[in-house]
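Subject: Structure handover

Hi,

Here is the structure I promised to pass on to you.

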Amino acid sequence: MFKPTVLTALFLGLVLAPAGAQTAASPTPRSELGELTAFLSIPNVASDKPDIARNAARLKTMFEQRGFHMTVVQTPGSPVLIGELVPPGKPSRTITFYFHYDGQPVTPSEWKDSGPFQPIYRDKPLEQGGRVVSLPASGAIDPEWRLYARSAADDKGPIVAFLSAIDEARATGHPLTSTLRVLMEGDEEAGSPSLPTVVREQAAQIRSDLIVLVDGPQHPSGRPTFVFGARGIMSAELTVFGARHDLHSGNYGNWAPNPAFELARLLTSMKDPTGRVTIAGFYKDVVPLTAEEKKALAEIPDVDPRLMHAFGFAQQEFPGQRLEALHNLPTLNVSGLGAGTVTGQGRTVIPAQAVARLDLRFVKNITPDAQFARLEAHIRAQGFHLITGDAPTDQERATYPLLAKLRRIGGYPAGRTPLTSPMAERAVAAVAAALHTTPVRMPTLGGSTPFYLFSDVLKAPTVGMPVVNFDDNQHGPNENLRVGNFFNAIHIMQAIVTMR
Ligand SMILES: [Zn+2]
């Protein structure tokens with residue numbers, strides 16, 4: 001059985017320190033970290049069904065130990081867990097927390113010093129020469145230490161922080177002021193294929209006065225972060241066709257059309273040198289930011305210069321506007337390009353086709369269908385005939401000088417909650433008071449999550465509340481959770497589960 005503690009008084013005594021906090025009662029932050037490392041030791045790649053089942057069973061037990069009533073919803077993929085904890089006094093106000101328990105696929109050989117499911121600690125990030133260390137038996141733990149394992153940050157660490165926040169509130173005599181609900185999926189890294197169905201079918205168990213999505217990294221400033229929306233996303237594959245097969249570049253150079261050049265011309269026609277997408281109507285449906293949203297953006301610490309230095313480039317694509325402001329515009333991205341052979345000795349051919357992988361992100365009020373139609377119309381306006389089959393027919397080859405295929409892949413819209421939503425404002429204020437700082441309020445997350453399912457389908461006030469360090473190597477090898485972020489996450493969640 002898990003033993004609640006007043007761990008964090010030791011780690012950040014200034015933050016907690018409610019009257020009667022029992023700092024003398026053998027604070028052992030190790031028990032929270034111990035529960036986390038045990039959980040991280042269960043491999044959790046979504047395609048691995050037996051291990052996913054073990055994760056779901058472990059989670060069910062962890063939540064039942066705290067008094068949650070748990071329901072396991074079977075899906076064609078991983079089980080979804082839904083739970084409810086009704087505290088004494090049966091508060092009518094409800095808050096739902098969303099987490100995911102699956103992790104990105106791993107290549108164990110890329111992990112340093114230990115496998116992805118054998119958690120280890122380092123005294124600082126690997127990239128800064130961090131050494132492998134073991135937890136001291138007693139005394140404070142350096143907040144700069146990192147816990148390395150798949151899902152340490154994304155998203156198992158936050159789950160254990162949430163449970164620890166409940167333990168901590170109980171141990172320090174702070175009543176839980178809301179009925180708490182959880183929704184946990186095991187297919188997030190596989191694109192959440194079952195989530196839309198589960199959210200619609202279990203709407204009554206999930207809809208709440210506030211839905212808090214806990215996933216992803218905090219703002220790089222390290223401040224507590226609230227996100228009031230997320231972009232939608234769609235991918236597309238764009239293929240431009242030349243001759244029926246590759247041709248010798250000497251025998252046919254200057255004569256046969258080259259689809260690599262045609263594709264390059266087509267792509268450059270989609271964006272001007274200032275980063276603005278030139279597809280007609282691309283920004284037409286964007287809703288201007290409200291005064292409150294502009295104020296929230298202005299309050300966010302400017303991390304552009306630091307990030308540009310870290311990433312190693314001299315100028316933003318869209319100069320003159322900062323990162324968090326640009327998150328409120330739709331994007332058009334080329335994420336992959338291919339034609340002919342580019343590695344090894346190469347081959348001197350005119351390739352038969354060239355392919356680009358695109359992704360488009362949406363902001364509130366832009367529908368995936370409308371944006372895809374604009375992209376199609378733009379390609380046609382550049383003189384291309386878009387084929388509908390897998391490959392051009394003989395007749396299409398004989399008729400059209402420019403042939404392309406555009407295949408749409410997936411797609412869901414953006415979601416957003418007003419910054420002035422009273423429940424969201426209350427949560428922000430509770431965290432600000434508990435952590436003694438001004439939280440970052442981002443109108444829109446740059447990345448895409450199925451935020452719209454909660455904000456628009458369930459029509460519930462929804463916020464994203466990322467709690468982990470931004471430099472967590474999320475999705476890559478050597479994923480890590482900064483120990484200080486884990487303890488802060490406990491404080492942040494405790495502030496919400498005990499807020500007035
Ligand atoms: Zn995640």
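Predicted model: local features only at pLDDT ≥ 70, side-chain atom pairs only at ≥ 80, totals over all residues.

**Domains**

The protein chain splits into two domains, and each is built from two stretches of sequence: domain 1 takes 7-228 + 417-497, while domain 2 takes 233-286 + 329-412. If you take the centres over C-alpha atoms, domain 1 and domain 2 are 40 Å apart. Where they touch, four residues of domain 1 meet four residues of domain 2. On the domain 1 side of that contact, two residues are nonpolar, two are polar and none is charged.

**Helix 13 against helix 15**

You'll find helix 13 at residues 422-435 and helix 15 at residues 483-497, packed with their axes 8 Å apart and an angle of about 130° between them. With that angle, helix 13 counts as oblique to helix 15. The crossing of these two is right-handed. On the helix 13 side, the contact uses Ala 427, Ala 430, Val 431, Ala 434 and Leu 435. Helix 15 brings His 491, Ile 492, Ala 495 and Ile 496. Sorted by class, that gives eight nonpolar residues, one polar and no charged ones.

**Helix 2 against helix 4**

There is another helix pair to look at: helix 2 (residues 30-40) packs on helix 4 (residues 156-171) at about 145°, with 10 Å between the axes. Helix 2 and helix 4 also make a right-handed crossing. Here Glu 32, Glu 35, Leu 36, Phe 39 and Leu 40 of helix 2 meet Lys 156, Gly 157, Val 160 and Ser 164 of helix 4.

Next, find the open sheet of four strands, which has the order 5-4-6-21 and antiparallel pairing. Strand 5 (132-133) and strand 21 (480-482) are its edges; each has a single partner strand, so one side of each has no neighbour in the sheet. Strand 4, at residues 120-122, is held to strand 5 by two antiparallel bridges. Within that pairing, Arg 122 has Val 132 of strand 5 as its bridge partner.

Helix 15 comes back here: it lies across strand 6 (146-148) and strand 21, at about 65° to strand 21.

**Other strand pairs**

Strands of a sheet can pair either parallel or antiparallel, through backbone hydrogen bonds. You can see both kinds in the pairs below.

- Strand 1 (residues 69-73) and strand 2 (residues 80-85) are antiparallel and share five bridges. A hairpin of six residues connects strand 1 to strand 2, and Thr 71 sits opposite Ile 82 of strand 2.
- Strand 10 (residues 229-241) runs antiparallel to strand 16 (residues 403-412), with eight bridges joining them. Phe 241 has Leu 403 in strand 16 as its bridge partner.
- Strand 15 (residues 385-386) is parallel to strand 16, and two bridges join the pair. In this pair, Leu 386 is opposite Ala 404 of strand 16.

Those are my notes, and the structure is yours now.

Cheers

Note on methods: Residues numbered from 1 in each chain as written. Axes fitted to C-alpha atoms, helices over the stretch in contact; angles between N-to-C directions. Parallel < 35°, antiparallel > 145°, perpendicular 65-115°, else oblique. Left-handed = near helix turned anticlockwise from the far one by under 90°. Contact = placed C-beta atoms within 7 Å. Nonpolar A, V, L, I, M, F, W, Y, C, P; charged D, E, K, R; others polar. Domains from an automatic or database assignment. Pairing = 2+ DSSP bridges.
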